[in-house]
Amino acid sequence: MFVLPRLPLKALGAVSLLSLAACGQPQQQQGGPPPPPAVTVAKPQPKTITDYDEYVGRFVAMDEVNVHARVSGYLSEIQFTDGQLVKKGDPLFTLDQRPFKIALDQAKANLAQAQANLDYAQTDLERAKTLLQDRNSTAISKQTFDQRTQTERTAAATLQAQEAAVASAQLDLEFTQLTAPISGRIGDRRVSVGNYVIGASGGTPTLLAVIVSQDPIRFEFTFDEGSLLRYKNSGTGANDGAPVDLKLLDEKTFAHHGKMDFLNNVVDTATGTIRGRAVFANPDGLFKPGMFARIRVAASKPYEALTVPDTAIGTEQVRKFVYVVGPENTIAMKFVELGPVVDGRRAVKSGLTADDVVVVNGLMRVRPGVKVTPQEEKPAAPAPAGAQNGNAAAPAK
């Protein structure tokens, strides 16, 4: 066990006197008040900007055709590769043509027989006319002449019907060769060679393939009734022919440009929205029908506004504000109305003047009425060549 040594009474008295002396002395002050906090400041920069609205929509093909046969028969040949690009008129499918060739030959034979009957009826009628015109002859009666006339007319009608039958048989034979009705990209074959194909005249037709056009392509989206009125009043936005921009889900900028080409004539009473449509060039087939994308439309005409770094914006409940440096380097708060982000800077529609000195860095160290040490913001480094700049759109609708 460790035992503390006992001190003499004289030593204890000396320690007590020293402690009392120390308590009686005043504490020395540790320096002066802290210096004002340093903040980075900059003046707002003027810029011409445009407000944008963003919407989500889908691509749709301008033309889409379900390929069906017009006649029924067995599929004998497929003349395309699944997913390839086809041009209008390219051969796609061939049905077994032998039954249709036989039907055509039979129709032609019936036509020849009808032509022979007509020729005989016409000759017989001409002979009857000659005999009837001879007043001295009694070889033919008026009744017999009328009968031969009727026979000639019947033969002529039969010939006309047989000509139609030949044309129909010829058309059915042509329908055994299915060609692309439009240019575009064809999907996969739905039927293999050897299967029986039901034509359009034989009940529910067999779907053989689907072709969709590729270039150009349409983009459909909806927006609310309030936005529609705003666009109409400002002459911007979703009006016919208005320019629009688009980006895919994995893109950061609106790099694709098109124009509006349709606005529906009714507002959906269930949702209060109206359907709009834009058209985009698609030469490389990047856009596919059914794909999602974001489109932005101009919500205002170009106007002049001041811009500040987005880091300079503060939030107080639902209001936005910035800190400005006033006389004697004292902080003041100004509430502002914000616009979109343009080239990395936030547009301010109202609440600031061009002469204000805005705190752009160090907002957590200041509050209204506090004195600060302002430091001018260093100019930003020039953007690298080829960098993309563009107005970022307002929050999506």
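Reader: Which strand is Val56 in?
Author: Val56 sits in strand β3, residues 52-61. Strands here are DSSP runs of E with at least two residues, and helices are runs of H or I with at least four, all numbered from the N terminus.

Reader: Before I go on, what kind of model is this?
Author: This is a predicted model, where local features need pLDDT of at least 70 and side-chain atom pairs count only at pLDDT 80 or more, while totals for chains, interfaces and linings use all residues. Residues are numbered from 1 along each chain as its sequence is written, and side-chain values use heavy atoms, with hydrogens and water left out.

Reader: OK, back to Val56. How exposed is it?
Author: Val56 is partly exposed, at 43% relative accessible area. The scale is: buried under 20%, exposed over 50%, partly exposed in between, with a 1.4 Å probe and protein chains only.

Reader: How many bridges link β5 and β10?
Author: β5 (residues 73-78) and β10 pair over 2 bridges, antiparallel. Tyr196 in β10 is the bridge partner of Tyr74.

Reader: What does Thr206 touch, beyond its sequence neighbours?
Author: Leaving aside neighbours within four places in sequence, Thr206 contacts Val67, His68, Ala69, Val191, Tyr196, Val197 and Ile198. Contact means heavy atoms within 4.5 Å. A polar atom of the Thr206 side chain lies 3.0 Å from the backbone nitrogen of Ile198.

Reader: Is Thr206 buried or exposed?
Author: Thr206 is buried, at 17% relative accessibility. The residue is in the loop between β10 and β11.

Reader: How about β15, how many of its residues are buried?
Author: In β15 (residues 273-280), 6 of the 8 residues are buried, so the strand is largely enclosed by the rest of the structure.

Reader: What pairs with it?
Author: β12 pairs with β15 over 8 bridges, antiparallel, and Phe221 stands opposite Gly276 there. β14 (residues 256-263) also runs antiparallel to β15, joined by 4 bridges, with Phe262 opposite Arg277.

Reader: Now the backbone. Where's the cis peptide bond?
Author: The cis bond joins Asp215 and Pro216, with omega about 0 degrees. Pro216 is in the loop between β11 (207-212) and β12 (217-224).

Reader: And what's the phi of Gln317?
Author: Gln317 has a positive phi of about 55 degrees, although it isn't a glycine. Gln317 lies in the loop between β18 (314-316) and β19 (319-325) and is exposed at 77% relative accessibility.

Reader: What about Glu328?
Author: Glu328 isn't a glycine either, and has a positive phi of about 55 degrees. Glu328 is in the loop between β19 and β20 (331-342), exposed with a relative accessible area of 64%.

Conventions: Pairing = 2+ DSSP bridges. Polar contact = N/O pair within 3.5 Å; in protein donor to acceptor, adjacent residues only side chain to side chain.
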